[in-house]
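Hi everyone, thanks for coming.

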Amino acid sequence: MAQEIERKFLVKNENFKTETFKQTRITQGYLSSVPERTVRIRVKGEKGFITIKGIGNDSGASRFEWEKEIPASEVMDLMKIAEPGVIDKTRYQVKKGNHTYEVDEFYGENQGLTVAEIELQSEDESFEKPEWLGEEVTGDVKYYNSMLMKNPYTKW
């Protein structure tokens, strides 16, 4: 399994959109949303994926992740047995310095929520923070996609 190290932030405004070099629509569901092993299925653009993530460390920035591409048609079949709730969002990619931010703008019951994630090589790695980056929410479980499907942003 690979180790994923990422930090998550709220986004203050839509200025990131002028810096975007790629955007992709994502629809995803969960076969298991227990924190110890979330199993996510998603269609990202035209491609399908299944991802298994372990529980985060104390800071919430690091956890195990395994992902495999599968046919999008298989994702749609698996969605039939997924837990209730679907995440629908557009992912924008924004380059800043040596890193790429993935900014997710949510729709449906999570409309109004926009978060940015940055993947790092180590938890203490420095990175450039753009002006549109807001409060850090790394490790705050209510911002995990697996929790947003159970307790959507519009119901907070």
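How much accessible surface does the chain have, and what share of it belongs to carbon and sulfur atoms? The accessible surface comes to about 8,400 Å², and 48% of that belongs to carbon and sulfur atoms. Those areas come from the Shrake-Rupley method with a 1.4 Å probe, and for residues only the protein chains shown count as cover.

A word on what you are looking at. This is a predicted model, where local features need pLDDT of at least 70 and side-chain atom pairs count only at pLDDT 80 or more, while totals for chains, interfaces and linings use all residues. Residues are numbered from 1 along each chain as its sequence is written, and side-chain values use heavy atoms, with hydrogens and water left out.

Let's begin with the overall picture. The chain has two helices and nine strands, and from the N terminus the order is β-β-β-β-β-α-β-β-β-β-α. Helices (H or I, at least four residues) and strands (E, at least two) are DSSP runs, numbered from the N terminus. Along its principal axes, the C-alpha trace spans about 40 × 30 × 30 Å. The radius of gyration is 15 Å, which agrees with the value near 15 Å for a compact globule of 156 residues. That radius is taken over C-alpha atoms, and the globule rule is 2.2 Å times the number of residues to the power 0.38.

Of the 156 residues, 47% count as buried. Here buried means under 20% relative accessible area, exposed over 50%, and partly exposed in between (1.4 Å probe, protein chains only).

Now to strand 1, please. Eight of its 10 residues are buried, so strand 1 is largely enclosed by the rest of the structure. Which strands does it pair with? Strand 1 pairs in the antiparallel sense with strand 5 over four bridges, with strand 8 over five bridges, and with strand 9 (residues 133–136) over two bridges. Two strands pair if DSSP finds at least two bridges between them.

Is Lys 8 buried or exposed? Lys 8 is buried, with a relative accessible area of 8%. Its bridge partner in strand 8 is Glu 117, and the side chains of Lys 8 and Glu 117 are joined by a polar contact of 3.1 Å. A polar atom of the Lys 8 side chain also lies 3.1 Å from the backbone oxygen of Tyr 143. A polar contact is a pair of N or O atoms within 3.5 Å; within protein, one must be able to donate a hydrogen and the other to accept it, and residues adjacent in sequence count only if both atoms are side-chain atoms.

Finally, the cores. In soluble globular proteins, nonpolar side chains tend to be buried together. A nonpolar core is a set of buried Ala, Val, Leu, Ile, Met, Phe, Trp, Tyr and Cys residues joined through side-chain atoms within 4.5 Å. In the largest one, of 14 residues, Phe 16, Tyr 101, Val 103, Ala 116 and Trp 132 touch the most other members. Strand 1 gives the largest share, three residues. A second, separate core of 10 residues includes Tyr 30, Ile 87, Leu 113 and Met 149.
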